Amino acid sequence: MRFLTSSRYRNIIVNLLLLLAIVIYLLQPINWQVELPAIFWIRQGCLLVIWVGLFYLITKILIPGLLFKNKQPAFFGLFIASIILTVLIGKVMELALHYQEAMSAVIPFFGKHSKYSIDSFMVFTTIFISVVGASIEIVKKWNRDNELRLQLEQEKTASELSFLKAQINPHFFFNTLNNIYALNRINSEKAGDAIYTLSHMMRYILYDTHKDTTIKKEVQFIEDYIKLMQLRLTDKVELVFIKSGIGFDHHIAPMFFLPYIENAFKHGISPSHPTRISIQICSDEYGVTMEVRNTLVEQEGQLLEESSGIGLRNTKRRLDLIYPGRYELKIDTHTPENEYVVLLKLKL
């Protein structure tokens with residue numbers, strides 16, 4: 001199968017099929033109920049050489065050298081000239097071989113035409129070979145350009161995903177280390193637990209996020225993050241984490257849920273007012289759904305609504321690249337219950 005999918009071998013097959021078609025056409029008179037002279041077969045052999053030469057002249061010289069270099073007037077002029085020249089060469093060859101005289105002795109029909117008249121079948125075949133050759137080469141060029149474009153798009157997407165992921169991870173660690181620094185000034189023992197939890201999370205990011213991960217591993221990572229965040233929560237924060245259907249071993253691109261959960265902890269906690277953070281992750285045979293809710297907290301007279309940080313923007317961009325048409329993302333920045341709600345559904 002690799003033989004057939006290689007563009008080089010496809011080109012060889014196409015050329016051989018065209019050559020075979022020409023040979024079959026030239027050998028067709030074998031079925032005639034007439035004993036043909038040797039001059040006829042010499043003429044057929046010469047036509048084969050002429051048409052093959054015309055085919056390669058168009059496909060290997062005129063099209064690459066003129067048409068693909070935006071020299072269309074020169075190409076079409078030489079294209080028509082090559083067809084006319086081929087027909088004239090064929091006619092001169094017939095005159096040199098005394099082809100019509102030889103054929104008139106066998107088939108009286110040939111004697112009814114002037115020996116200088118042009119064979120309409122030879123003209124049609126010459127035009128057909130020229131057009132087919134040009135079409136094949138143009139289609140091959142289009143396929144090559146399309147394959148190159150797809151390859152460049154894939155490389156660009158892979159590069160962009162790597163860049164977005166590299167931005168998300170430092171963004172997460174920057175916020176987490178700030179939290180541990182603040183916690184260390186209050187309770188050094190809890191800070192030590194936080195560092196251990198963070199090291200466990202770093203191991204996951206370093207070794208398990210270079211390729212697709214599983215829902216189960218991603219949920220375990222989120223549990224570690226929640227455990228880390230709980231170390232700095234006060235009694236005024238109600239935290240609810242619900243998971244279901246984690247047994248469905250779906251594969252998923254890593255670090256999709258974290259930015260929205262991190263955003264809830266960043267903007268849904270108040271040191272003086274009761275707040276609530278609710279996280280639900282449900283998986284079934286069709287995919288996974290995440291819902292994150294957090295109380296909107298006023299700070300300095302303003303509501304901290306949708307974050308403008310790179311984490312949320314990059315996660316949205318990664319969704320567009322990895323799951324185009326397979327995800328649903330709804331964000332309600334201010335519900336009647338005074339909550340910020342994120343609902344993400346992935347079809348896996």
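Q: Where does Asn70 lie?
A: Asn70 lies in the loop between α3 and α4 (72–97), where helices (H or I, at least four residues) and strands (E, at least two) are DSSP runs numbered from the N terminus. Residues are numbered from 1 along each chain as its sequence is written. This is a predicted model, in which local features need pLDDT of at least 70, side-chain atom pairs count only at pLDDT 80 or more, and totals for chains, interfaces and linings use all residues, while side-chain values use heavy atoms, with hydrogens and water left out.

Q: Why is Asn70 called exposed?
A: A residue is buried under 20% relative accessible area, exposed over 50% and partly exposed in between (1.4 Å probe, protein chains only). The relative accessibility of Asn70 is 62%, and therefore it counts as exposed. The phi of Asn70 is near 60 degrees, a positive value in a residue other than glycine.

Q: What makes Met255 buried?
A: Met255 has a relative accessible area of 1%, which falls under the limit for burial, so the residue is called buried. Met255 also has a positive phi, of about 65 degrees, although it is not a glycine, and it is found in the loop between β3 and α9 (258–267).

Q: Why is the aromatic pair of Phe55 and Tyr56 called edge-to-face?
A: The structure holds seven aromatic pairs. In the pair of Phe55 and Tyr56, the rings are 5.3 Å apart, centre to centre, with 90 degrees between the planes. Rings of Phe, Tyr and Trp (its six-membered ring) pair if their centres lie within 6.5 Å, and planes under 30 degrees apart count as stacked, over 60 as edge-to-face and the rest as tilted. The distance therefore meets the limit for a pair, and the angle makes this one edge-to-face. Phe55 is buried at 5% relative accessibility, whereas Tyr56 is partly exposed at 36%.

Q: What makes Phe124 and Phe128 a stacked pair?
A: The centres of these two rings are 6.3 Å apart, and the angle between their planes is 20 degrees, so the distance meets the pairing limit and the angle falls in the stacked range. Phe124 and Phe128 both lie in helix α6 (residues 120–184), four residues apart, about one turn of the helix. Phe124 counts as exposed at 55%, while Phe128, at 47%, is partly exposed.

Q: How do you know that the charged end of Lys141 sits over the ring of Phe68?
A: A charge sits over a ring if NZ of Lys or CZ of Arg is within 6 Å of the ring centre and within 35 degrees of the ring normal. The charged end of Lys141 is 5.1 Å from the centre of the Phe68 ring, and that of Arg318 sits over the ring of Phe256 at 4.5 Å from its centre.

Q: Why are β2 (237–244) and β8 (327–332) said to stand at the edges?
A: The open sheet has five strands in the order β2-β4-β5-β9-β8, with mixed pairing, and two strands pair if DSSP finds at least two bridges between them. Both β2 and β8 have a single partner strand, so one side of each is left without a neighbour in the sheet.

Q: How do you know that β2 and strand β4 (residues 275–283) pair?
A: The two strands share eight bridges in the parallel sense, and as the definition asks for at least two, they therefore count as paired. Across this pairing, Lys243 stands opposite Ile281 in β4.

Q: What makes strand β5 (residues 287–295) largely enclosed by the rest of the structure?
A: Strand β5 has nine residues, and seven of them are buried, so the strand is largely enclosed. It pairs with β4 in the antiparallel sense over seven bridges, and a hairpin of three residues joins β4 to β5. Nine bridges join β5 to strand β9 (residues 339–347), again antiparallel, with Asn294 and Tyr340 as bridge partners.
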